[in-house]
Amino acid sequence: MSAVENLTHQPVEGEHFTITSEATGDVWEIVVGLEVHCELATATKLFCSCPNMFGDEPNTNVCPVCLGLPGSLPVLNRNVVELAMRLGRALHCSVEPSVFARKNYFYPDMPKDYQVSQFDRPINVDGWLDLPDGTRVGIERAHIEEDTGKNTHAGGSGRIHGADYSLVDYNRAGVPLVEIVGRPHIRHPEQAKTYIDELRAILLATGASDAKMEEGSLRVDANVSVRRVGDPELGRRCEIKNLNSLRSLGRAIEYEARRQVDLLESGEVVKQETRHWDEGAGRTRPGRSKEEAEDYRYFQEPDLVPLDPGADWIAAIDGAMPALPAARRDTLAAAAGVAPTETAVVVAVQRDLDQLALAAIAAGGDGSRVLLHVEHNLAVEGAESLDPAHFAQLVTMEVAGQLTATQAKTVLGDMLESGKAPDAIAAERGFEAMDSSELEGIVDGIIAESPDEWADYCGGDDKRRGKLQGFFVGKVMKATKGQADGKAVNAILDARRTAAG
Amino acid sequence: MSESLTRDDVAKVAHLARLELTDAELDTYTEQLGAVLDHAADVAALDLADVPPTAHPLPLVNVLRDDVIGPTVDREEVLSQAPAVEDRRFRVPAILGEEP
């Protein structure tokens, strides 16, 4: 049995995730920094006017520039600069004068044998992204670069090793990317997934990218290291590639952290390297050793002049910035009188239902009740077209005791289907508030029918009483065809028990 | 010969550029590249604290084009120029390294 299997892990309070060694009792934490590549939603490529289009016939979106033919010259796409800056400013980055560089390597996914990227002077530097749980993750940089062509490995296993040859499609070569380099501020696999969710929401809100992981327009690499809790030094990290879904991301981080703890606990060292996630096997495998940065022999791209967008362009970007998820959560939370970290608030913004919730609250609906419905009963198509005034009215009826929670859910479903007002639906369905003396009569009748259970309810321990409470409430619901308010029934039962007591 | 550049440095750079050099060529290039670096060292020795770095020899910034689709080249014409083609794609020899 390996040491890893002797380790227990549990998420502890808040965002921390620790691994405790049974052998030594040492408590380890994971440190994660994510690098995200996203394809920008432009009409054309970064340096030429070929279409930027996913899924077209191979090698149809190519021209002398992106094929690297002699004598061709790149010209920067204005919209790339616009979208990259929009994203940078949304991530609270400073937009700086920047230059392009050639990253040289021998690999046939780029016909030029280099990739144009930004190296020592990137366009966006030093920003941050706030997670819904309140954690602030630093952004080191968000720079512009070219995407590469797509290789298909033929023969052998169909993988790169053992392939007889490869086939290359250059449609993607030269498609604009922004690489967003996050600082190692993530401490939990779930937090990594949340970070990607939040980043995706920002990419969509700014129109920078369609951010589809399944189509590869959003790709994630994870730098993972571990250290003993309290240790200020960062451990040696591994870069995990081939993370094609959020599920893979979370699993890979957890696996890799345990692997590293296992190594360190047994007195070995973590080798700094690139590793590939194998989703089927549920493990990471070593790739090539991380090349040193100078091996790419970066130097300034002589065919492109520097980029300096200037204060006016930056101000225009800031002036046109759409409402971002964090600000939308704050607005909704303030209106509803709850914390912006509440799950219902996070979910409302994720589902684009915050405008509906705000309108319903403005129309007099109780904030907490509105959010409760948004979180639990409105995960459906067309929810955003619900009439906010009707929604507010429904919530008000519920708060006034005219509808039980179950009835309100049913009425809400009917409202989505028919667009009718809640009072009309309640009348049609015969949902009428039950008179409290009528309900008391029904409860008393049921108590009289079941003297043994009642005695047990009054005299039993809490566990027994809880069970029998369910029994009585169930009978009342049956007798009233579900129209009784569960809370009211409980109150009556409690009052009768105290009186009997 | 330069003090800053060794024969091993030249061999490493040659490898990165996938150039196969003979022992005699390594000696020659170590000396020649060393002389270039020595010249650069002369510039580095100057006090340039007040001189802004030159980002590009041309006094231009922000050469941009609009995001409008233009003509592409015909696939058959492009592929006809390639040494090997299969299934509408460029066929290349087995890749020994890994993706960068």
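Before anything else, one term: pLDDT is the predictor's confidence in each residue, on a scale from 0 to 100. We need it because this is a predicted model, and where pLDDT is low, the predicted coordinates should not be read in detail.

In chain A, pLDDT stays under 50 over residues 1-14. For that stretch the model has 24 contacts beyond four places in sequence. Two residues count as being in contact if their C-beta atoms, placed from the backbone, lie within 7 Å. As for chain A as a whole, the average pLDDT is 89, and 93% of the residues score at least 70.

Now the overall form of chain A. What radius of gyration does chain A have, and what would a compact globule of 501 residues have? Chain A has 30 Å, whereas the globule would come out near 23 Å. Along the principal axes, the C-alpha atoms of chain A fill a box of roughly 95 × 60 × 45 Å.

Chain A contains 15 helices and 17 strands. Of its 501 residues, 40% are buried. If you take the contacts in chain A with a separation of 6 or more, 68% of them are between residues 24 or more positions apart.

Next, a sheet. Strands of a sheet pair through backbone hydrogen bonds, either parallel or antiparallel. In chain A there is an open sheet of three strands in the order β7-β6-β17, with antiparallel pairing. Its edge strands are β7 (114-117) and β17 (299-300) of chain A, each pairing on one side only. Strand β6 (residues 101-104) of chain A is joined to β7(A) by four bridges. Within that pair, R102(A) stands opposite V116(A).

Is strand β11 (residues 165-169) of chain A largely enclosed or largely open? Four of the five residues of β11(A) are buried, so the strand is largely enclosed by the rest of the structure. Within chain A, β11(A) pairs with strand β10 (residues 150-154) in the antiparallel sense over five bridges. One bridge in this pair has A154(A) as the partner of Y165(A).

β11(A) also pairs across the chain boundary: four bridges join it to β3(B), again running antiparallel. Here Y165(A) stands opposite P93(B).

Finally, the contact between the chains as a whole. How many residues does each chain give to it? Chain B gives 35 residues and chain A gives 43. On the side of chain B that touches chain A, the elements giving two or more residues are β1 (64-65), α3 (75-80) and β3 (89-93) of chain B. The largest share, five residues, comes from β3(B). By type, this side of chain B divides into 18 nonpolar, five polar and 12 charged residues.

Notes: Residues are numbered from 1 along each chain as its sequence is written. Chains are lettered from A and ligands numbered from 1 in the order in which they are written. This is a predicted model: local features need pLDDT of at least 70, side-chain atom pairs count only at pLDDT 80 or more; totals for chains, interfaces and linings use all residues. Ala, Val, Leu, Ile, Met, Phe, Trp, Tyr, Cys and Pro count as nonpolar, Asp, Glu, Lys and Arg as charged, and the others, Gly among them, as polar. A residue is buried if 20 or more other C-beta atoms lie within 10 Å of its own, exposed if 12 or fewer, and partly exposed in between; C-beta atoms are placed from the backbone. Two strands pair if DSSP finds at least two bridges between them. The radius of gyration is taken over C-alpha atoms; the globule rule is 2.2 Å times the number of residues to the power 0.38.
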